[in-house]
Amino acid sequence: MSNRAQWAVVDVETSGTSPEHCRIISIAALAVDDHATITDAVVTLLNPGVHPGPTNIHGITAEMLISQPQFADITTRLTALLAGRTLVAHNVAFDYAFLANEFRRTAVPCPVDAVMCTVELSNHLHLPVDNHKLATLARHWRVPQTRPHDALDDAHVLTRILTHSIERARAHGVPLPVRPPTSLRPPLFSAAA
């Protein structure tokens, strides 16, 4: 196993479910290695200038976003973290679609050239679980989840799930489903809730 931080574990909270019309209001991007060691991080609320959407789900209010940076303010740091790493997310089509659209709005090229979905990976591992939701996998791998739908907590949980999943995949000869983002289908919303 490599000690290089080859993964960029990302979770976003958004103002809705349409990447074309809604915006990222919170992001956690963690550069991690196979052992869940975090070597870099970009974690922030974002002020997209729109209503934050389903506050009852993510707990983020318009007042919390007033003094926060815009996505354009974090592109340099985020690009440095994402470049050369595989973006990992739970239902990666969702997170990637939002990231790609935010980058497009800034005219800064999205640096992601490889993605891996932990929903897909967990399906390949044939785990004894009823579904592949983040909370279900957290329980299966005994990973504490203290604040569901908080970008940083979800990214930390996913980092631990990723480590366990990679170990199991390698032990059982299961190839990791790393692919180019151009191969992604439109986001699925029910699988990752």
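In which sense do S5 and S6 pair, parallel or antiparallel?

Before we start, a word on what we are looking at. This is a predicted model, in which local features need pLDDT of at least 70 and side-chain atom pairs count only at pLDDT 80 or more, while totals for chains, interfaces and linings use all residues. Residues are numbered from 1 along each chain as its sequence is written, and side-chain values use heavy atoms, with hydrogens and water left out.

Let's begin with the whole protein. There are seven helices and six strands, where helices (H or I, at least four residues) and strands (E, at least two) are DSSP runs numbered from the N terminus. Reading from the N terminus, the order is β-β-β-α-α-α-β-α-β-α-α-α-β. The radius of gyration is 16 Å, close to the 16 Å that the globule rule gives for 193 residues, so the protein is as compact as a globular protein of that length. That radius is taken over C-alpha atoms, and the rule is 2.2 Å times the number of residues to the power 0.38. The C-alpha trace spans about 45 × 35 × 30 Å along its principal axes.

How much of the protein is buried? Of the 193 residues, 50% count as buried. Here buried means under 20% relative accessible area, exposed means over 50%, and partly exposed is in between, with a 1.4 Å probe and protein chains only. As for contacts (heavy atoms within 4.5 Å), residues 24 or more positions apart account for 69% of those with a separation of 6 or more.

Now the sheet. It is an open sheet of six strands in the order S3-S2-S1-S4-S5-S6, with mixed pairing. The edge strands are S3 and S6 (178–179), each of which pairs on one side only. When I say two strands pair, I mean that DSSP finds at least two bridges between them.

Start at the S3 end. S3, residues 38–45, pairs with S2 in the antiparallel sense over seven bridges, and Ser 26 stands opposite Leu 45 in S3. These two strands form a hairpin with five residues between them, and Ala 36 in the turn has a positive phi of about 70 degrees. S2 itself, residues 24–32, is mostly covered, with nine of its nine residues buried.

Next comes S1, residues 7–14, which pairs with S2 in the antiparallel sense over eight bridges. Trp 7 is a handy landmark here. On one side Trp 7 stands opposite Val 32 in S2, and in S4 its bridge partner is Thr 86. S1 and S4 pair in the parallel sense, over three bridges.

What covers the story of S4, residues 86–89? Both faces are covered: Thr 86 and Val 88 on one side, and Leu 87 and Ala 89 on the other, are all buried. In general, side chains in a regular strand alternate between the two faces of the sheet. S4 goes on to pair with S5, residues 115–117, in the parallel sense over three bridges, and the bridge partner of Val 88 in S5 is Met 116.

And that brings us back to my opening question. S5 and S6 pair in the antiparallel sense, over two bridges. Met 116 turns up again here, standing opposite Val 178 in S6.

Let's finish with some loop residues. Most residues other than glycine have a negative phi. Asn 91, in the loop between S4 and helix H4 (92–106), has a positive phi near 70 degrees. Asn 91 counts as buried, at 6% relative accessibility. Arg 142 also has a positive phi, of about 60 degrees, although it is not a glycine. Arg 142 sits in the loop between H6 and H7, and at 73% relative accessibility it counts as exposed.

Leaving out residues up to four places away in sequence, Val 143 touches Ala 138, Val 157, Arg 160, Ile 161 and His 164.
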